[in-house]
Each structure stands twice: as C-alpha cells, then as structure tokens.
Amino acid sequence: ILPALSLDGILHLDVLDHSYMSATFNEFVVGLLDNMNPFPEKNSVIVMDNASIHKSPHLKGIVQQRYYFCSSFQRPSI
C-alpha cells in the first residue's frame, strides 16, 4: 500500500502485490500529479525522503515536466 497524504486526507493510493520498483513508483507519481495543483495552490508540494527510489532522474523529469520545479535538500554543514 502506497498512499500520498495531504492535510485533507488521501490524494492518491496504490496497492500492489509486489515491491515498488523505480518504474512502478514513477507510475504512482504520475497518478499523484493528476491530483496535485501548481504552486502555491492547495496540494501543490510533494515531500519525499532520500530513499534511492525517490532520486531517479526520470522521476525528476516527470515532476519538472508537469510542474517545472524539483529540488533536493541537504543538511547544512556544521
């Protein structure tokens, strides 16, 4: 089960009988983007952790093609 949550509830949900791989996760994000809005509207920001499946150049391209901006954050050096 892979849900995408907002403050108002579930934006998108996918259930598979196997593990998510890069291709299936990318398909999930495409479906999620159909329920998203351009920034700064409601449901316009996607937050992901630094799991390797979230770092695919193809996934970044999918998001940028639809909504232009994609950024990764790193911890500041101390």
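Visitor: What share of the 78 residues in the protein chain do buried residues make up?
Guide: Buried residues make up 23% of the 78. Buried means under 20% relative accessible area, exposed over 50%, and partly exposed in between, using a 1.4 Å probe and protein chains only.

Visitor: What kind of model is this, and how are residues numbered?
Guide: This is a predicted model, where local features need pLDDT of at least 70, side-chain atom pairs count only at pLDDT 80 or more, and totals for chains, interfaces and linings use all residues. Residues are numbered from 1 along each chain as its sequence is written, and side-chain values use heavy atoms, leaving out hydrogens and water.

Visitor: How many helices and strands are there?
Guide: The protein chain has 2 helices and 2 strands. Along the sequence the pattern is β-β-α-α. Helices (H or I, at least four residues) and strands (E, at least two) are DSSP runs, numbered from the N terminus.

Visitor: OK, strands. In which sense do S1 and S2 pair?
Guide: They pair in the antiparallel sense, over 5 bridges. Two strands pair if DSSP finds at least two bridges between them. A hairpin of 2 residues joins S1 to S2.

Visitor: Which residue in S2 is the bridge partner of Leu2?
Guide: Asp14 is the partner of Leu2. Leu5 has Ile10 as its bridge partner in S2.

Visitor: Which residues make the nonpolar surface patch?
Guide: Ile1, Leu5, Ile10, Leu13 and Val15 make a patch of about 570 Å². So Leu5 and Ile10 are bridge partners and both belong to the patch, where patches take residues with over 30% relative accessible area and no salt bridge, joining like charges within 9 Å and nonpolar side chains (Val, Leu, Ile, Met, Phe, Trp, Tyr) within 5 Å.

Visitor: And Val15, buried or exposed?
Guide: Val15 counts as exposed because its relative accessible area is 55%. Val15 sits in the loop between S2 and H1.

Visitor: Switching to H1. What span should its 12 residues have?
Guide: Helix H1, residues 22-33, should span 16 Å at 1.5 Å a residue. The expected span is 1.5 Å times one less than the number of residues. The end C-alpha atoms of H1 are 16 Å apart, which agrees.

Visitor: What do the buried residues of H1 pack against?
Guide: They pack against strand S1 (2-6), strand S2 (9-14) and helix H2 (57-67). Among the buried ones are Phe25, Asn26, Phe28 and Val29.

Visitor: What percentage of contacts with a separation of 6 or more comes from residues 24 or more positions apart?
Guide: Such residues account for 44% of those contacts.

Visitor: How many salt bridges does a search of the whole structure find?
Guide: The search finds 1. A salt bridge puts a side-chain nitrogen of Lys or Arg within 4 Å of a carboxyl oxygen of Asp or Glu. Here Asp8 pairs with Lys42, the closest N and O atoms being 2.6 Å apart. The pair links distant parts of the chain, 34 residues apart: Asp8 is in the loop between S1 and S2, Lys42 in the loop between H1 and H2.

Visitor: Is Lys42 buried or exposed?
Guide: Lys42 is exposed, at 54% relative accessible area. Asp8 counts as exposed too, at 55%.

Visitor: Which peptide bond is cis?
Guide: The bond from Phe39 to Pro40 is cis, with omega near 10 degrees. Pro40 is in the loop between H1 and H2.

Visitor: What is phi of Asn43 near?
Guide: Phi is near 55 degrees, a positive value in a residue other than glycine. Asn43 is also in the loop between H1 and H2. Asn43 counts as partly exposed, at 22% relative accessibility.

Note on methods:
Contact = heavy atoms within 4.5 Å. Areas by Shrake-Rupley, 256 points an atom, 1.4 Å probe, with all protein chains shown as cover.
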